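Me: I've got a structure open and I'd like to learn how to read it feature by feature. Can you walk me through it?

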Amino acid sequence: MGLQRFAAEAVSGLTVAIVALPLAIAFGITATGTPEGALVGLYGAIFAGFFAAVFGGTPGQVTGPTGPITVVATGVIAAHGLESAFVAFIMAGAFQILFGLCRLGSFIRYIPHPVVSGFMGGIALIIILGELDQAQKSFLLVAVTIVLMLVSARLIKSIPASLIVLVIITALLPLTADWLTNVTVGPVPLNTAVDYIGKIPEAIPTINTPELSGSLIVSLLLPALSIALLGSIDSLLTSVVMDNITGTRHRSNKELIGQGLGNIASGLFGGLASAGATVRSVVNIRSGGRTGFSAATHSVVLLIFVAGLGVVVQYIPLAVLSGILIVTAVGMFDWDTMRKAHVSPKGDVVVLFVTMAITVIVDLTVAVAVGVTLAVAVHLVQSRQRKALIVKDDNAYQIHGPLSFLSTDAVFSNLREDKPELSVSLAKVSYLDMSGAKALLTFIDHSDRDGVDLTITDVPPHIENTLSDLASREQQTKLAAAVKPG
């Protein structure tokens, strides 16, 4: 690694650490319900983040506490206690390593886009609902936090909005705290109290050797498996997002092994279970990070922060963390897909909202299982063919069969070739679902970025309409330039 690349990776790692700091604290306190949760969240970002960066299979991906993992971890801690939860995190890591060794990571390509959108939307709703108590108690402060974050994000691009708001409100609150107690408008309370994190113990992280018993391990098997499955799905979905941004291909099974080692380390050091974090990973890429070095640097910087944070963190208002989590949760919704639900394939729309509802009402793992099963049923009803075939003639390709979540990975893997010209015929495409449309639009984006002269011919009118409806404005322009008469 050259000196210039080394500097870029280090600066990117510092940037991501600043983004991760308030999120790790917020997720940790949410999961444990205690001030000590701040350290639990930070240790998760430090140890899981470092080991996943070093041993994972997605360059530049940043690992730390995430919404889905926090939701499951909250239930495990409530049911079994914090010390037992650390054992569950270690067991989850072991499961993830097993998944990687058994090469189960490859199955992530078969999770349909509507299931992912519904799953993440359901997680967002759970997080928002979990913050309603704090929002009711300190509505005014939560609202001010949200407004300031939205304004800061528009005006200041170089510093994370969450950090700006956290520092400003924490610094000014001692001057205004008395005014924010028992604020009402008529009979409606706007702010009844201001709660703070409170003092957290300052300690250098040490390995905790858990006391194991057969009964404990048996009781934690299902929670650990649930964490492992959700952590794996969450991480690999982030890996797919990274692939779409960088145009590379991650190594899914290696990523699972890295995530597993990270969660084992996190559990041993008293940290929250973690997974690949989409927002932090995207920030890393946009800040110049391209390798695991930047992601590992983010963990090291957080460890340095922890040494002197105890005195400062106790004065952070819980309402500010609630506001940060609510804004984060709102950003988790796939707004683009939901806005276009009226023009999307109806079966995919049903899958999306059923998955979201089951995530909130029943369970996250059940939601994914039901969503995938329902998507397969929709596929079987819409198309009798399971696979799409690629017919090649020099630089011209024909896709035969359904272009759906079951076939997109194989189709576009075959189409990715280092050639300046490429022609793809869609005349024989029998069915196009939301996953297929999104994959084709992404392929057009990458071809345009890489300077490939892509021509798409023989597009049936209903497929062209679906592609146009689901494309962004920029993608619509690229689609119009690529599509040619047969």
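Me: Let's start with arginine 103: does it count as buried or exposed, and at what relative accessibility?

Reply: Keep in mind that this is a predicted model. Arginine 103 has a relative accessibility of 56%, so it counts as exposed, the cut-off being over 50%. You'll find arginine 103 in the loop between α4 (82-101) and α5.

Me: And what is phi of arginine 103 near?

Reply: The general idea comes first. Most residues other than glycine have a negative phi. Here, arginine 103 has a phi near 60°, a positive value in a residue that isn't glycine. Aspartate 458 is another case: its phi is positive too, about 55°, although it is not a glycine. Aspartate 458 is in the loop between β9 (453-457) and α20 (461-470), and at 32% relative accessibility it counts as partly exposed.

Me: Which residues is asparagine 253 in contact with, leaving aside its neighbours within four places in sequence?

Reply: Arginine 103 turns up again there. Asparagine 253 is in contact with Phe99, Gly100, Arg103, Leu104, Gly105 and Ser106, once its neighbours within four places in sequence are left aside. Asparagine 253 sits in helix α10 and is buried, with a relative accessible area of 8%. Arginine 251, by contrast, is exposed at 55%; its place is the loop between α9 (214-246) and α10 (252-268).

Me: Now a helix. How many residues does α17 have, and how far does it reach?

Reply: Compare the end-to-end reach with what the residue count predicts. Helix α17 (residues 364-382) has 19 residues and reaches 27 Å from first C-alpha to last, close to the 27 Å expected at 1.5 Å a residue.

Me: Which residues of α17 are buried?

Reply: They are Leu364, Ala367, Val368, Gly371, Ala375, Val378 and His379. Seen down the axis of α17, these buried residues fall within an arc of 100°, so they line one face of the helix. On the other side of α17, Thr373, Leu380 and Val381 are exposed.

Me: What do the buried residues of α17 pack against?

Reply: Quite a list: α3, α5, α9, α16 (346-361), β6 (396-403) and β8 (429-432).

Me: How many cavities of 30 Å³ or more does a search of the whole structure find?

Reply: Rolling a probe the size of a water molecule over the atoms shows where empty space is left. In this model the search finds three cavities of 30 Å³ or more, and the largest cavity holds about 60 Å³ of space. By type, the lining of the largest cavity splits into seven nonpolar, two polar and two charged residues.

Me: What about open space: how much lies in the second largest pocket?

Reply: About 450 Å³. The second largest pocket is lined by 19 residues, and Ile29, Thr30, Gly130, Glu131 and Ser322 lie nearest its centre. At least two lining residues come from each of α1 (3-32), α3 (67-80), α5 (113-130), α6 (132-137) and α14 (318-332). Nine residues of this lining are nonpolar, eight polar and two charged.

Key. Residues numbered from 1 in each chain as written. Predicted model: local features only at pLDDT ≥ 70, side-chain atom pairs only at ≥ 80, totals over all residues. Heavy atoms only, no water. 1 Å grid on protein atoms, 1.4 Å probe; cavity = no way out; pocket = protein on both sides within 12 Å on 5 of 7 lines; lining within 4 Å. Points joined across faces, edges and corners; volume = space filled by probe spheres on them. Helix = DSSP H or I, 4+ residues; strand = E, 2+ residues; numbered from the N terminus. Nonpolar A, V, L, I, M, F, W, Y, C, P; charged D, E, K, R; others polar. Buried < 20%, exposed > 50% of the residue type's maximum accessible area, 1.4 Å probe, protein only. Contact = heavy atoms within 4.5 Å. Expected span 1.5 Å × (residues − 1). Arc of directions from axis to C-beta.
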